[in-house]
Amino acid sequence: MMREVIRVLRPGGLVICCEWGYYAYPPDRAPGVFKFFDVVTQSLGQLGIYPVADVIPDLLAGSGQFDGITPQLYYMPIGPWRADLNGQRIGRAFRAACRRFVEAVRPMLTNAGWSEEALYDIFSGYLHDLHTVSGMVNVYHTVHARKLAL
Amino acid sequence: MANEFPHVQFRGIDIGAMFLTTLIPLFLNSKVTVPIATRYPPRNVRIEMHDANEPLRWHDNTVDLVHVRNMWMAVSMVKHSWFRIFLLTSGFRPETTLA
């Protein structure tokens with residue numbers, strides 16, 4: 001796909017990539033979240049799909065076709081734990097999105113062989129942590145770069 | 001943005017189609033609604049169903065800006081051996097949980 005981006009962009013053209021990173025919490029602090037994303041990561045890996053959010057800047061640099069490569073990270077709060085009102089509003093909305101994500105991956109995990117009972121435990125642990133562990137974030141990776149002029 | 005810049009032509013690809021072709025084993029039992037994009041875009045917007053693992057139909061050096069967003073569950077490295085080699089040679093470990 002990156003090859004196609006390079007091909008269609010005009011010289012001097014801009015590419016902007018935005019991807020969610022995977023969660024990485026200490027198992028002892030948020031064991032439910034850790035387990036849930038461990039299972040999701042394994043299932044995606046079996047299909048040849050790996051997390052790439054934080055390697056995209058290296059991918060752009062490695063192509064030798066871009067300059068001005070500018071990676072940035074944004075930390076999205078999960079739940080209303082931030083002190084400011086806007087942060088609390090965003091945290092609530094994002095936590096709701098995290099809850100919906102459970103249903104989005106359920107068919108994939110079922111097809112990967114996880115039983116309904118096992119998934120109930122995994123999802124329950126994840127949802128429990130979403131509502132009880134304060135200070136969690138998810139990381140949004142962005143990068144922009146310009147294709148080299150001829 | 002399309003309304004703000006009416007002189008700009010926006011072209012998008014909707015990966016909804018690839019759920020039916022490439023990633024169907026992933027979501028075999030899911031209620032996938034395709035296309036994901038609106039069916040009533042502004043006049044200067046055209047969104048096409050497309051598998052992001054396949055070549056784009058546009059000509060070389062013709063696009064001013066490419067915005068790629070939330071492709072993390074859509075691009076299979078199985079189809080892109082060159083990408084897999086890059087990941088491995090860059091020290092990437094698939095089993096690693098990343099922040």
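In which sense, left-handed or right-handed, does H2(A) pass H5(A)? The crossing of H2(A) over H5(A) is left-handed, a term used when the near helix is turned anticlockwise from the far one by less than a right angle, with right-handed used if the turn is clockwise.

## Basis of the model

This is a predicted model, in which local features need pLDDT of at least 70 and side-chain atom pairs count only at pLDDT 80 or more, while totals for chains, interfaces and linings use all residues. Residues are numbered from 1 along each chain as its sequence is written, chains are lettered from A and ligands numbered from 1 in the order in which they are written, and side-chain values use heavy atoms, with hydrogens and water left out.

The model scores ipTM 0.80 and pTM 0.77. For chain B the mean pLDDT (the predictor's confidence in each residue, from 0 to 100) is 66, and 48% of the residues of chain B reach 70 or more.

## Confidence along chain B

Within chain B, confidence is highest in strand E3 (residues 63–69), at a mean of 90, and lowest in helix H2 (residues 81–89), at 42; helices (H or I, at least four residues) and strands (E, at least two) are DSSP runs, numbered from the N terminus. Over residues 17–33 of chain B pLDDT stays under 50, and the model has 36 contacts beyond four places in sequence for them, a contact meaning heavy atoms within 4.5 Å. Residues 78–99 of chain B also have pLDDT under 50 throughout, with 46 contacts beyond four places in sequence. Where pLDDT is low, the predicted coordinates should not be read in detail.

Chain A has five helices and three strands, which follow the pattern α-β-α-α-β-α-α-β along the sequence. The C-alpha trace of chain A spans about 55 × 40 × 25 Å along its principal axes.

An open sheet of four strands, with mixed pairing, has the order E2(A)-E3(A)-E1(A)-E3(B); two strands pair if DSSP finds at least two bridges between them. Strand E2 (66–77) of chain A and E3 of chain B stand at the edges, each with a single partner strand, so one side of each is left without a neighbour in the sheet. From one strand to the next the twist averages 10°. E1(A) and E3(B) run parallel and are joined by six bridges, and A:Ile16 has B:His67 as its bridge partner in E3(B). E1(A) and E3(A), by contrast, run antiparallel and are joined by seven bridges, with A:Val15 opposite A:Ala145 in E3(A). E2(A) pairs with strand E3 (residues 137–147) of chain A in the antiparallel sense over 10 bridges, and A:Phe66 stands opposite A:Lys147 in E3(A).

## Helices on the sheet

Helix H3 (residues 56–63) of chain A lies across strand E1 (9–20), E2 and E3 of chain A, and runs at about 175° to E2(A); axes are lines fitted to C-alpha atoms, for helices over the stretch in contact, and angles run from 0 to 180 degrees between N-to-C directions. H4(A) packs on the sheet and touches E1, E2 and E3 of chain A, its direction making about 90° with that of E2(A).

Helix H2 (residues 31–46) of chain A packs with H5(A) at an angle of about 130°, with their axes 7 Å apart. H2(A) and H5(A) are therefore oblique to each other, on a scale where angles under 35 degrees count as roughly parallel, over 145 as roughly antiparallel, 65 to 115 as roughly perpendicular and the rest as oblique. Among the residues that meet here are A:Phe36 and A:Phe37 in H2(A) and A:Phe123 and A:Tyr126 in H5(A). The residues of this contact divide into eight nonpolar, two polar and two charged, where Ala, Val, Leu, Ile, Met, Phe, Trp, Tyr, Cys and Pro count as nonpolar, Asp, Glu, Lys and Arg as charged, and the others, Gly among them, as polar.

Helix H4 (residues 85–111) of chain A and helix H5 (residues 116–132) of chain A pack at about 165°, with their axes 11 Å apart, which makes H4(A) roughly antiparallel to H5(A). Their crossing is right-handed, and the contact includes A:Arg95, A:Arg99 and A:Arg106 of H4(A) and A:Phe123 and A:Tyr126 of H5(A). The axes of H2(A) and H4(A) come within 11 Å and cross at roughly 45°, which makes H2(A) oblique to H4(A). The contact of H2(A) with H4(A) is made by residues including A:Phe36 and A:Phe37 of H2(A) and A:Phe101 and A:Val102 of H4(A), and by class it has 10 nonpolar, one polar and no charged residues.
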